[in-house]
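Hi there,

Here is the structure I promised to pass on to you.

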Amino acid sequence: MPRSPVDSAEAAPDGETLSALLRRYDGAGDAVSCEPLTQGLLNRGYRLATTRGRFFLKHHLDGDRTAITRQHRVTQRLDALGLPVAPPVPDADGRTVAVIGGRCYALHPWIDGRHRDGGELTAAQCWRLGGLLGLVHTCLERVMRSGTGDRRPSGEAAVPEDTFAVIEQLLTLVRGRRARDAFDELAEHRLIERRALLERHAHRRPEAHAVPATGWVHGDFHPLNLLYRDTEPAAIVDWDRLGVQPRAEEAVRAAAIFFVRPGGTLALAKVRSYARAYRCAAGAGTSEMAAAVHRVWWERLNDFWMLRWRYQRGDGRADPQFPAAAALAVWWTREYDAVRDAFCG
């Protein structure tokens with residue numbers, strides 16, 4: 001399961017931990033190497049080679065064994081329905097979560113594949129991508145019991161006054177840096193620009209009752225959580241944010257990541273193909289999609305998580321995503337009707 005390299009300071013589990021882990025599995029063999037692959041907020045990932053094969057070893061940082069086990073059962077059920085997922089390997093006792101040294105680990109089969117963003121997808125592949133996400137949502141509806149969600153959406157959209165306060169806080173931090181660089185200049189420009197946009201569009205805040213239909217969703221469907229083998233999806237991974245949310249909003253958010261161009265525009269022809277397939281597979285109507293487009297647009301207009309990571313937490317991992325994401329919010333506002341039509345047409 002290829003991933004982006006992580007900081008070399010992120011050490012893999014030591015030999016004692018790996019030995020204790022692998023002893024729980026029949027036929028897993030002995031560890032040969034364990035290479036860090038990812039460093040995320042929700043988990044760590046490793047390429048684990050043993051004398052019997054290759055595996056993806058996942059360290060769940062939240063440590064909620066009950067929630068992790070439920071995620072695993074969901075992927076097992078989805079696998080039985082034919083969805084491309086990578087369910088965990090059960091140990092000799094049938095368990096899929098191993099707690100060693102107070103840490104939660106799960107062993108998954110290694111999936112040979114790579115990530116593909118929307119720029120690499122043909123129109124036909126965009127159609128299959130939208131259909132795949134729609135199938136995920138309908139299959140989740142089949143395998144999950146209603147009323148057991150991790151969280152339910154409140155329907156409350158961001159309040160402009162709160163966003164203005166965040167903008168002022170971030171501007172203070174940006175302007176207070178001793179050695180400003182090009183990123184800081186861009187951040188200041190986009191913050192001022194976004195404040196002006198919000199002042200003009202504050203009246204368009206979504207109403208609480210305008211929440212699209214909710215259901216079980218993957219929660220984090222984007223290119224780094226989808227592996228392709230050649231031109232076909234091989235595995236949807238990282239189900240940590242599985243929960244109950246407006247389904248169409250996940251479809252819109254995913255498209256805004258898959259199909260954003262470096263300059264901050266969306267490839268609307270690809271969006272249209274993807275969205276039509278999603279609507280067909282999920283049974284989503286145009287009014288549901290239009291409401292989702294509006295809510296995600298508003299969400300993007302009020303969201304500064306990348307700048308918060310950099311300036312409030314000192315974490316620059318999201319910096320490369322900021323230029324396109326910030327430009328997209330501006331372009332989306334200007335081309336609002338065209339974007340809505342691409343999702344609904």
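Val252 counts as buried, because its relative accessibility is 0%, where the cut-off for buried is under 20%. Please keep in mind that this is a predicted model. Val252 belongs to helix α6, which covers residues 247-258. If you set aside the neighbours within four places in sequence, the contacts of Val252 are Met289, Ala292, Val293, Val296, Trp332 and Phe343. For a sense of distance, the C-alpha atom of Val252 is 14 Å from that of Ala213, and the two residues are 39 apart along the chain.

Next, the charged pairs. I found 28 salt bridges in the structure, and here are a few to look up.

One of them joins Asp112 and Arg54, with 3.0 Å between the closest N and O atoms. Asp112 sits in the loop between β5 (103-109) and α3 (123-143), while Arg54 is in strand β3 (residues 53-60), so this pair ties together parts that are 58 residues apart in sequence. How accessible are the two partners? Asp112 counts as partly exposed, at 42% relative accessibility, and Arg54 is partly exposed too, with a relative accessible area of 43%.

Another salt bridge is formed by Arg95 and Asp91, whose closest N and O atoms are 3.5 Å apart. Is each partner buried or exposed, or something in between? Arg95 counts as partly exposed because its relative accessibility is 38%, whereas Asp91, at 8%, counts as buried.

Then there is the pair of Arg195 and Glu168, whose side chains meet in a salt bridge at 2.4 Å, N to O. This pair links distant parts of the chain: Arg195 lies in helix α5 (residues 182-201) and Glu168 in helix α4 (residues 160-175), 27 residues apart. Arg195 has a relative accessible area of 22% and is therefore partly exposed; Glu168 is partly exposed as well, at 36%.

Conventions. Residues are numbered from 1 along each chain as its sequence is written. This is a predicted model: local features need pLDDT of at least 70, side-chain atom pairs count only at pLDDT 80 or more; totals for chains, interfaces and linings use all residues. Side-chain values use heavy atoms; hydrogens and water are left out. Helices (H or I, at least four residues) and strands (E, at least two) are DSSP runs, numbered from the N terminus. Buried means under 20% relative accessible area, exposed over 50%, partly exposed in between (1.4 Å probe, protein chains only). Contact means heavy atoms within 4.5 Å. A salt bridge is a side-chain nitrogen of Lys or Arg within 4 Å of a carboxyl oxygen of Asp or Glu.
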